[in-house]
Amino acid sequence: MKARTAKPTKADAKVKPLTDKDRLELFRMMVRIREFEEEVQRSYLEGLVHGTTHLCQGQEAVAAGTGFVFRPDDYIGYTYRGHGHCLARGMDEEGAFAELFGRTTGVCGGVGGSMHLTDIDKGLIGAFGIVGGGLPVSVGAGVTAQLNGRGQLSATFFGDGATNIGAFHESMNIAQVWKLPVLFICENNLYGEFTRINHSTPFEDLIKRARGYDMNAVQVDGNDVEKVYEATAEAANRARAGGGPTFIECMTYRHRGHSRTDPAKYRDPKEVETWLARDPLKLYEMALIKRKLLTKEKADALILEERARQRAASERAAAAPWPDAATIDFQTLTFA
Ligand SMILES: Cc1ncc(C[n+]2csc(CCOP(=O)(O)OP(=O)(O)O)c2C)c(N)n1
Ligand SMILES: [Mg+2]
C-alpha cells in the first residue's frame, strides 16, 4: 500500500480561532457530560444500570475540546470510559441512558450497556472494554480514511494504562510508517484501574512514547478545554492534509473511582485536592466570566438546565420496554 505523503501547507496547519459562541458551546458540552455522568451514578445506585460503569467526571475538557474538531464523517474509537466522547459526538442522551438501563430504545438495542455505547451512523466505531483493544481498530479506520482520500481522520481515545499494551505499540508503529490520518489521544489520568502510573510505567510523561515512533506529539493540559481544542485542531489539519498521525497526551484526572462504587481510597488526598482545584468546568467557568461571556448566575442556570435535561432523559429511558431475548440473534447481535 502506498501512503499519501503530501506535506501539509501552512494554511492547512492554521487553527480556526474560537468564537464567543463556540466558547459557550464548549462550556455547555462539558456541563452536559458532567451532569450526564452524575445522573448515571445516581441511576446506578438506584439499581437501574445493569453491568458496570466507568465515569469520566474531571475529564470532560478532553471529550468536549477534541469533539469540537471532528467532522461528521470522521471515525471515533474510545474505551469503556467513553460516555463523554459519545455525547460530544451528539449521541442522544435518552438512547444512551436506555442503553445503560438495558432497554430496547438504547443506542445498541439495550444489549451493549455502559461499556459499549456505539452508534456507527455517527462515526462512533466502538467502545472497547479490552485495554488497548480499540487502537488497532482505529488504525484500520485510518486506512479506510486514507484510501477514501476525502480528508477524513480516525481518532482513538485511550488511557495511560493502555500505553503498556502491545497493541498500542503496533498501532503507533504502523500508523507512522503508513502516515495514516490517526489521532492517538491519550487521557493520562495517572491511574490504570487502582494502580498509580509510577507503579506500572517508567515515566509519567507519556509523550515520550511517541519518540520511539518518530511521531508528531504534543502534551497539553487536559483540563483546559481551549488548549485541548487547539492541539487537536492542529493535529487534525495535519492529518487531513496527509501529514500523518499525532500523539496527543492530555494530562487530566478522574474525580471518581475507576468504576461503579470504587471509593478510590488508594489515592493521596493531597493529589485529589490539587486536581479538584483544577476542575475543568470551574476553570472554564471562571475564564468565561473573566471574558464577560458568562456571569455566575448564568452559569448556575445553565448547569441546572442541563441537570434537568439529563434527569428527564433518564426518566424517559427507564420507562422504555426491555428487549425480548427471543428477537435477538446473538451471532450477529441484530434484531429480528
Ligand atoms: C487487556 C486488559 N487488561 C486488563 C483489563 C482490566 N482493566 C480494565 S480498565 C483497566 C485500567 C486501564 O487504565 P487506563 O488505560 O489508564 O484507562 P482509565 O481507566 O484510566 O481511563 C484495567 C487494568 C482489561 N480490561 N483489559
Ligand atoms: Mg488511566
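Predicted model: local features only at pLDDT ≥ 70, side-chain atom pairs only at ≥ 80, totals over all residues.
Let's start with the buried residues of helix α3: they are Glu60, Ala61, Val62, Ala63, Ala64, Gly65, Thr66 and Gly67.

Which residues does alanine 64 touch, once we leave aside its neighbours within four places in sequence? The contacts are Leu26, Met29, Met30, Ile33, Ala88 and Val225.

In soluble globular proteins, nonpolar side chains tend to be buried together. Here, the largest nonpolar core has 77 residues. Ala64 is among the residues with the most contacts inside that core, along with Met30, Leu183 and Ile248. And which helix gives the most to this core? That would be α2, residues 20-45, with 9 residues.

Now let's step back to the whole chain. The protein chain has 12 helices and 10 strands. Its radius of gyration is 19 Å, close to the 20 Å that the globule rule gives for 336 residues, so the chain is as compact as a globular protein of that length. Of the 336 residues, 46% are buried. As for how the chain comes together, take the contacts with a separation of 6 or more: 76% of them join residues 24 or more positions apart.

How many residues surround ligand 1? There are 14, and the closest are Val131, Gly159, Gly161, Gly192 and Glu193. Two elements give two or more residues to this shell, namely strands β3 (154-159) and β5 (191-192). Sorted by class, the shell holds 5 nonpolar, 6 polar and 3 charged residues.

Let me finish with a residue in a loop, threonine 295. You will find threonine 295 between α11 (280-290) and α12 (296-318). Is threonine 295 buried or exposed? Threonine 295 counts as exposed, because it has 11 C-beta neighbours inside 10 Å, and the cut-off for exposed is 12 or fewer. One more distance for your notes: threonine 295 and glutamate 285 are 10 residues apart in sequence, and their C-alpha atoms are 8.6 Å apart in space.

Technical notes: Residues numbered from 1 in each chain as written. Chains lettered and ligands numbered in written order. Near = placed C-beta within 6 Å. Helix = DSSP H or I, 4+ residues; strand = E, 2+ residues; numbered from the N terminus. Nonpolar A, V, L, I, M, F, W, Y, C, P; charged D, E, K, R; others polar. Buried ≥ 20, exposed ≤ 12 C-beta atoms within 10 Å, placed from the backbone. Rg over C-alpha atoms; globule rule 2.2 N^0.38 Å. Contact = placed C-beta atoms within 7 Å. Core = buried A, V, L, I, M, F, W, Y, C linked by C-beta atoms within 7 Å.
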